[in-house]
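Here are my notes for you to read alongside the model. Keep the viewer open and check each point as you go.

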Amino acid sequence: MKRSRLRMFKLTSMTISVMGVLLIVATIGILAYLGFGSLSSFISADATSSTANDELSALKSDYNSLHAEYDTVKSEVEATNNKDLKSAYNNAEMELIKTDQAITDVESAITVGKPSDEVTKRIEAAKSQLEKAKSSLTSLRS
């Protein structure tokens, strides 16, 4: 009877030990998987943010050069004293102001950390608005 209890004790303790090792290995595996997923998500978000920042700086550069062109045209328009031309310039300048707002929206979305699809949507809206401002300036010059 003693031997059977001893065997049963050995078998039970061995089973508990094996189960403990399996649980530890499973826990380490799960934590490694979650850590890898988190790390890859972080790297992906960082790459997306870098691209968005590059596009933002390109938008700002285009805006600044367009703003300089508007300033040049403004002095020419004010020298003419043509009310229709001044009105057309004011309408074109409103497009420039809307472009500035769109670029500010992109910048705030990047700063706040909005999802990449939202940032992309805002970038596309800013590009569209920039094109409208360019076409307004072109039509004003003609």
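How many residues apart in helix α3 are arginine 122 and glutamate 118, and about how many helical turns separate them? They are four residues apart in that helix, which puts about one helical turn between them. Helices here are DSSP runs of H or I with at least four residues, numbered from the N terminus.

Before we go on, some ground rules. This is a predicted model, where local features need pLDDT of at least 70, side-chain atom pairs count only at pLDDT 80 or more, and totals for chains, interfaces and linings use all residues. Residues are numbered from 1 along each chain as its sequence is written, and side-chain values use heavy atoms, with hydrogens and water left out.

1. Let's stay with that pair. Arginine 122 and glutamate 118 form a salt bridge, with their closest N and O atoms 2.9 Å apart. The term means a side-chain nitrogen of Lys or Arg within 4 Å of a carboxyl oxygen of Asp or Glu. Glutamate 118 also meets lysine 121 in a salt bridge, at 3.8 Å from N to O. Those two are three residues apart in helix α3, so about one helical turn lies between them.

2. Now look at how open these side chains are. Arginine 122 is partly exposed because its relative accessibility is 23%, and the salt bridges, through shared partners, join Glu118, Lys121 and Arg122 into one network. Glutamate 118 is partly exposed too, at 24%, whereas lysine 121 counts as exposed, at 56%. For the cut-offs, buried is under 20% relative accessible area, exposed is over 50%, and partly exposed is in between (1.4 Å probe, protein chains only).

3. The structure holds seven salt bridges. One of them pairs lysine 60 with glutamate 107, at 2.9 Å from N to O. This pair links distant parts of the chain, 47 residues apart: lysine 60 sits in helix α1 and glutamate 107 in helix α2 (residues 83-112). Both ends are partly exposed, lysine 60 at 32% and glutamate 107 at 31%. As background, side chains of opposite charge can pair when their charged atoms come close.

4. Next, the inside. The largest nonpolar core has 23 residues, and Leu66 and Tyr70 touch the most other members. Helices α1, α2 and α3 each give two or more residues to this core. Such a core is a set of buried Ala, Val, Leu, Ile, Met, Phe, Trp, Tyr and Cys residues joined through side-chain atoms within 4.5 Å.

5. Leaving out residues up to four places away in sequence, leucine 66 touches Leu96, Leu130, Ala133, Lys134 and Leu137. Contact means heavy atoms within 4.5 Å.

6. Serine 136 belongs to helix α3 (residues 116-141). Is serine 136 buried or exposed? Serine 136 is buried, because its relative accessible area is 17%. Beyond its neighbours within four places in sequence, serine 136 is in contact with Tyr70, Ala92 and Glu95.

7. Compare that with alanine 68, which is found in helix α1 (residues 2-80). Alanine 68 counts as partly exposed, at 41% relative accessibility. Alanine 68 lies 36 residues from threonine 104 in sequence, and their C-alpha atoms are 18 Å apart in space.
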